[in-house]
Amino acid sequence: MPRLPNTSPQTLSVLELLLESPRSWHYGYALSQLTGLKSGTLYPILMRLADQGWLETRWTEPEQPGRPPRHTYRLTGEGAKAARTTLAEAPPSRMTRRLVFVPGSR
Amino acid sequence: MPMHGFLGRLADALARQLLSWLHRRVEPGSREWLDALTAESECADDGWQRLRWVLGGVPLVWTINKRRRMNEPTRGTMRARIAPGVANIAAIAGGHAVIIQAIDVATHFFRCHLLFGNQPGGCQDHPFVFASIAIGGAVLGMIVALALRARFAAYWWAVISVFNTVGSVWYLRSGIVDLPRYGATQSAMLMAATFGAVLVAIVRETPWTETGASFLSRHRITAHLIAGTISFAMADFLIRMHDRHLVADTVSHYAVLGSAMFAAILAGLIGRHGSRRSAKGTIVRL
């Protein structure tokens, strides 16, 4: 039986984190550190969520001069609703505990 | 713990080189996500962290290019459908024509006959000549198929190359002492080689997970060896059902195992070639 979309443990951990502050913009590096996901896993997930309309993205000016603009992410209204449903329906075995916590976002 | 000094700087330089290489592998219009990853790499505390972060760009680029290919409209529908088929048929038929012709010339030259087998006057009086034709022809067929981007034909010739190579070694090692056993071993080898190539082709072509991070997608060589082992087991099981004498012979066993493993590795190389071509956006999916 094919797996439902966006129910992998990695995707669930990203959704869980984004839902903690759905109106805030998140940076990719911080998401990676907070979920413990490597960049090669995290970015394909973000790409897919953005393609599905669950995630909105925007470029922000860098905080320090000389650095490139940064890409930030947050859930759309529809995405937040769908994420809540997905997390509620996900079996407990699929839920992952975040192992890494770095306070603050960079 | 941050790592400083020469190694840290080396890792940093490697990370920047890798980023530059990755950017060249993605079309300018599809670089948004790679640019995002690149910008975030500036947040890394040291060179090693940056290198670890940038290494994630490799699967990301693979995903970006795969999505771009999937979203591309099919250009010239009829041509897109017919051209790969023609290339595959030409690569398979052309290769066989060359091999058959070469064998025909060799039998005339050495005044021997194929049907006599290992009897006096048979072609197996000259095993190295005919083995070279069989192996060389198949390998040439595989190379031509890859050049024509005819992936199915390339897998086909990989199976034949493996079969001819292992078969030649098997023959030179043990000789043909009795034809029924030889026939059974040949069947098992061909089955094992076919299973090996097909399984690895499936491993290479299947998008394993939505994140592309499954064990098999991260450990391709292991995946190929597993596919080879499964192929050997399947061929061995099928042949045991018909010919129990085969399993008593260690040499035959090695021949079947060798066929499965060799085919799996060759098929992996073909898939890798296809992926590399795909990264440049030039491959035609077959």
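## Basis of the model

Residues are numbered from 1 along each chain as its sequence is written, while chains are lettered from A and ligands numbered from 1 in the order in which they are written. In this predicted model, local features need pLDDT of at least 70 and side-chain atom pairs count only at pLDDT 80 or more, whereas totals for chains, interfaces and linings use all residues.

## Chain A at a glance

Chain A has 4 helices and 3 strands. Helices here are DSSP runs of H or I with at least four residues, strands are runs of E with at least two, and both are numbered from the N terminus. From the N terminus on, the order in chain A is α-β-α-α-β-β-α.

Chain A holds 106 residues, and 33% of them are buried. A residue is buried if 20 or more other C-beta atoms lie within 10 Å of its own, exposed if 12 or fewer, and partly exposed in between, with C-beta atoms placed from the backbone. Take the contacts in chain A with a separation of 6 or more: 64% of them come from residues 24 or more positions apart. Two residues are in contact if their C-beta atoms, placed from the backbone, lie within 7 Å.

## Helix packing in chain A

Two packed helices are described by the angle between their axes and the distance between the axes. Axes are lines fitted to C-alpha atoms, for helices over the stretch in contact, and angles run from 0 to 180 degrees between N-to-C directions. Helix 1 (residues 9-20) and helix 4 (residues 77-89) of chain A pack at about 125 degrees, with axes 10 Å apart. The two helices are therefore oblique to each other. Angles under 35 degrees count as roughly parallel, over 145 as roughly antiparallel, 65 to 115 as roughly perpendicular and the rest as oblique. The crossing of helix 1 and helix 4 of chain A is left-handed. A crossing is left-handed if the near helix is turned anticlockwise from the far one by less than a right angle, and right-handed if clockwise. Helix 1 of chain A contributes L12(A), L15(A), E16(A), L18(A) and L19(A) to the contact; helix 4 of chain A contributes A80(A), A83(A), R84(A), T86(A) and L87(A). By class, this contact has 7 nonpolar, 1 polar and 2 charged residues. Ala, Val, Leu, Ile, Met, Phe, Trp, Tyr, Cys and Pro count as nonpolar, Asp, Glu, Lys and Arg as charged, and the others, Gly among them, as polar.

Helix 1 of chain A also packs on helix 2 of chain A: their axes come within 10 Å and cross at roughly 115 degrees. These two helices are therefore roughly perpendicular. Their crossing is right-handed. S13(A), V14(A) and L17(A) in helix 1 of chain A meet L31(A), L34(A) and T35(A) in helix 2 of chain A. That contact has 4 nonpolar, 2 polar and no charged residues.

## Chain B and the cores

Chain B comes to 12 helices and 0 strands. Of its 286 residues, 37% are buried. Among contacts in chain B between residues at least 6 apart in sequence, 76% join residues at least 24 apart.

The largest nonpolar core has 55 residues, and A158(B), A260(B) and A263(B) have the most contacts inside it. Such a core is a set of buried Ala, Val, Leu, Ile, Met, Phe, Trp, Tyr and Cys residues joined through C-beta atoms within 7 Å. Helices 5 (77-110), 6, 7 (151-174), 8 (179-205), 10 (220-242) and 12 (250-279) of chain B each supply at least two residues of this core. Apart from it lies another core of 26 residues, including L12(A), L34(A), L46(A) and L60(B).

## Where the chains meet

The contact between the chains takes 21 residues from chain A and 21 residues from chain B. On the chain A side, helix 2 (28-35), helix 3 (39-51) and strand 3 (70-75) each supply at least two residues. Helix 3 of chain A gives the most, with 8 residues. The chain A side divides into 9 nonpolar, 7 polar and 5 charged residues.

## Two prolines

P69(A) sits in the loop between strand 2 (55-60) and strand 3 of chain A. P69(A) is partly exposed, because 13 other C-beta atoms lie within 10 Å. Setting aside neighbours within four places in sequence, P69(A) is in contact with W59(A), T60(A), E61(A), P62(A) and A39(B).

P127(B) is found in helix 6 (residues 127-147) of chain B. P127(B) counts as partly exposed, because it has 14 C-beta neighbours inside 10 Å.
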